[in-house]
Amino acid sequence: MERQNIPPGLLADLKNYLNITWDDAATDNKIRGLAAAASAYLDGKGGGALDYGADGLPRTLLMEYVRYARGDALDVFENNYTALILAMQNGMEVGRHVEVSQSLNDGIAGIFRVEDGGAAGYRPEPVLVERFVLRFAEQRLGINRLYQGRQNQVEIERVIRVPKAGGISTQDVAVIGGTQYRIDTVQAVPEVFPACLDLALVRIVQEYEVML
């Protein structure tokens with residue numbers, strides 16, 4: 001939606017959601033601009049123009065995007081709403097009658113980032129902070145991947161397939177059944193639904209403390 005095409009009813013609902021109780025042209029124009037940016041972002045995630053007038057995930061995500069943008073917190077929006085964005089995408093694909101080609105029923109993996117948990121002025125103490133909890137499917141450890149790992153002097157222990165979530169990288173740690181793994185490689189999987197990533201995992205010997 002272009003900012004000039006934001007429906008008056010949606011603008012009023014956004015102002016109510018944001019507890020904006022006053023009327024002035026500058027505020028209304030700013031909210032229209034944020035709503036236009038939100039719709040452009042979410043339309044891109046959904047693969048086409050979404051319906052923001054009806055109750056549902058697109059409308060909820062638009063409201064939250066505008067709230068985050070107004071609070072200068074867009075840098076954390078996608079990480080915080082990855083699960084809802086994936087749910088929206090999955091619902092739209094099912095609605096388009098796309099066949100689910102990848103089941104993820106082998107277990108649950110936690111994806112963590114490493115942060116410094118030490119007190120100010122003391123030596124760093126790396127700890128794990130949870131980012132995502134994702135279902136996964138075990139993948140066969142092929143000879144090419146095994147050879148590549150040994151060439152790089154790492155022992156790839158397992159490969160798991162997870163739903164594509166924003167920002168998973170080789171700087172993250174996967175935790176499965178209490179065992180911690182360094183993510184050695186992250187590879188997008190073509191032509192599967194839902195969109196997935198393959199993570200090659202190396203067991204961590206000296207494990208991190210998990211921040212609860």
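Trainee: What makes Asp-43 a neighbour of Met-1, Gly-48, Ala-49, Leu-50 and Tyr-52?

Mentor: Contact here asks for heavy atoms within 4.5 Å. Asp-43 meets that with Met-1, Gly-48, Ala-49, Leu-50 and Tyr-52, once residues up to four places away in sequence are set aside. Keep in mind that this is a predicted model.

Trainee: And how do you know whether Asp-43 is buried or exposed?

Mentor: Check its relative accessible area, which is 17%. The cut-off for buried is under 20%, so Asp-43 counts as buried.

Trainee: What makes the link between the side chains of Asp-43 and Tyr-52 a polar contact?

Mentor: The distance limit is an N or O pair within 3.5 Å, with one atom able to donate a hydrogen and the other to accept it. The two side chains come to 2.7 Å, so the pair qualifies.

Trainee: Which residues of helix 2 are buried?

Mentor: Among them are Ile-31, Leu-34, Ala-35, Ala-38, Ser-39, Leu-42 and Asp-43. As for the spacing, an α-helix has 3.6 residues a turn, so residues three or four places apart point the same way.

Trainee: Why is a set of residues called a nonpolar core?

Mentor: The members have to be buried, come from a list of residue types such as Leu, Ile, Val and Phe, and be joined through side-chain atoms within 4.5 Å. The largest set that passes has 24 residues, and Leu-10, Leu-14, Ile-31, Leu-61, Leu-62, Val-66 and Phe-77 have the most contacts inside it. Helix 1 (8-17), helix 2 (25-46), helix 3 (57-70) and helix 5 (82-95) each give two or more residues. Helix 3 has the largest share, with 7 residues.

Trainee: What does Leu-62 touch beyond its neighbours in sequence?

Mentor: Leaving out those within four places, its contacts include Leu-10, Leu-14, Ala-35, Ala-38, Leu-42 and Tyr-52. A second, separate core of 16 residues includes Phe-136, Ile-160, Val-162 and Tyr-181.

Definitions and conventions:
Residues are numbered from 1 along each chain as its sequence is written. This is a predicted model: local features need pLDDT of at least 70, side-chain atom pairs count only at pLDDT 80 or more; totals for chains, interfaces and linings use all residues. Side-chain values use heavy atoms; hydrogens and water are left out. Buried means under 20% relative accessible area, exposed over 50%, partly exposed in between (1.4 Å probe, protein chains only). Helices (H or I, at least four residues) and strands (E, at least two) are DSSP runs, numbered from the N terminus.
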